[in-house]
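Welcome! Take a look at it, then follow the topics below one by one.

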Amino acid sequence: MATPPNFEEGQSMYRPSRFNDQYYGWWKKRMHDFIMAEDSELWDVICDGPFDPMKIVDEGTTTIPKPRKEFNDADRKAIKKHFRAKKIFVCGIGPDEYNCISACQSAKEIWEALQTAHEGTTQVK
């Protein structure tokens, strides 16, 4: 893999590397490492998708989404992790890439959209 040119934006321990539509493989690896260093549970959120708090109704036979007013601290913590992962992606891409992911609702969708756009689908590979 070719070494990317001098990237001035994003060379920090506190900010993710900035992706500008070049060197996707390099950025992908750095983003993975950055996220794992921040909080390894964030990577689980990206791989598994967002957490949707549910509650049990009908005498334990059915689950439905919890209303926000019924969230407990664990629910809020899990939701916060999802938005943190999403924020890292949004901060790590340029305006052109943002157009590609702006309709995505979850960090998992963002990761998959970027992979598809720059690597193709598994069938194409």
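## The overall picture

Of the 125 residues in the protein chain, 32% are buried. Please keep in mind that this is a predicted model. The chain holds 5 helices and 2 strands, and along the sequence they come in the pattern α-α-β-β-α-α-α. Among contacts between residues at least 6 apart in sequence, 47% join residues at least 24 apart.

**The nonpolar core**

- The largest nonpolar core is made of 20 residues.
- Those with the most contacts inside this core are Trp27, Met31, Ile35, Ile46, Phe89, Trp111 and Leu114.
- Helices α1 (24-38), α2, α3 (73-91) and α5 each supply at least two residues of the core.
- The largest share, 6 residues, comes from α1.

**How α1 meets α2**

- The axes of α1 and α2 are 5 Å apart, and the two helices pack at an angle of about 125°.
- The helices α1 and α2 are therefore oblique to each other.
- On the α1 side, the contact is made by His32, Ile35, Met36 and Glu38.
- On the α2 side, Ser40, Leu42, Trp43 and Ile46 take part.
- Sorted by class, the residues of this contact of α1 with α2 are 5 nonpolar, 2 polar and 1 charged.

**How α2 meets α5**

- Helix α2 (residues 40-48) and helix α5 (residues 107-119) have axes that come within 6 Å and cross at roughly 70°.
- The contact of α2 with α5 counts 6 nonpolar residues and 2 charged ones, with no polar residues.

**The strand pair**

- Strand β1 (residues 54-57) and strand β2 (residues 62-65) run antiparallel and are joined by 4 bridges.
- Lys55 has Ile64 in β2 as its bridge partner.
- The hairpin of β1 and β2 has 4 residues between the strands, and in this hairpin Asp58 takes a positive phi near 50°.

- Tyr23 lies in the segment before α1, while Tyr24 is found in helix α1.
- Is Tyr24 buried or exposed? Tyr24 is buried, because its relative accessible area is 8%, under the 20% cut-off for burial.
- Tyr23 counts as partly exposed, at 29% relative accessibility.
- The phi of Tyr23 is near 60°, which is a positive value in a residue other than glycine.
- Which residues does Tyr24 touch, not counting those up to four places away in sequence? They are Phe19, Trp111, Leu114, Gln115, His118 and Glu119.
- Tyr24 and Leu114 are 90 residues apart in sequence, and their C-alpha atoms are 8.9 Å apart in space.

- His82 has its place in helix α3.
- With a relative accessible area of 6%, His82 is buried.
- Setting aside neighbours within four places in sequence, His82 is in contact with Val45, Pro50, Gln105, Ser106 and Ala107.
- Asp39 sits in the loop between α1 and α2.
- Asp39 counts as buried, at 15% relative accessibility.
- Asp39 touches Lys81 and Arg84, again not counting residues up to four places away in sequence.

Notes:
Residues are numbered from 1 along each chain as its sequence is written. This is a predicted model: local features need pLDDT of at least 70, side-chain atom pairs count only at pLDDT 80 or more; totals for chains, interfaces and linings use all residues. Side-chain values use heavy atoms; hydrogens and water are left out. Axes are lines fitted to C-alpha atoms, for helices over the stretch in contact, and angles run from 0 to 180 degrees between N-to-C directions. Ala, Val, Leu, Ile, Met, Phe, Trp, Tyr, Cys and Pro count as nonpolar, Asp, Glu, Lys and Arg as charged, and the others, Gly among them, as polar. A nonpolar core is a set of buried Ala, Val, Leu, Ile, Met, Phe, Trp, Tyr and Cys residues joined through side-chain atoms within 4.5 Å. Buried means under 20% relative accessible area, exposed over 50%, partly exposed in between (1.4 Å probe, protein chains only). Two strands pair if DSSP finds at least two bridges between them. Contact means heavy atoms within 4.5 Å. Angles under 35 degrees count as roughly parallel, over 145 as roughly antiparallel, 65 to 115 as roughly perpendicular and the rest as oblique.
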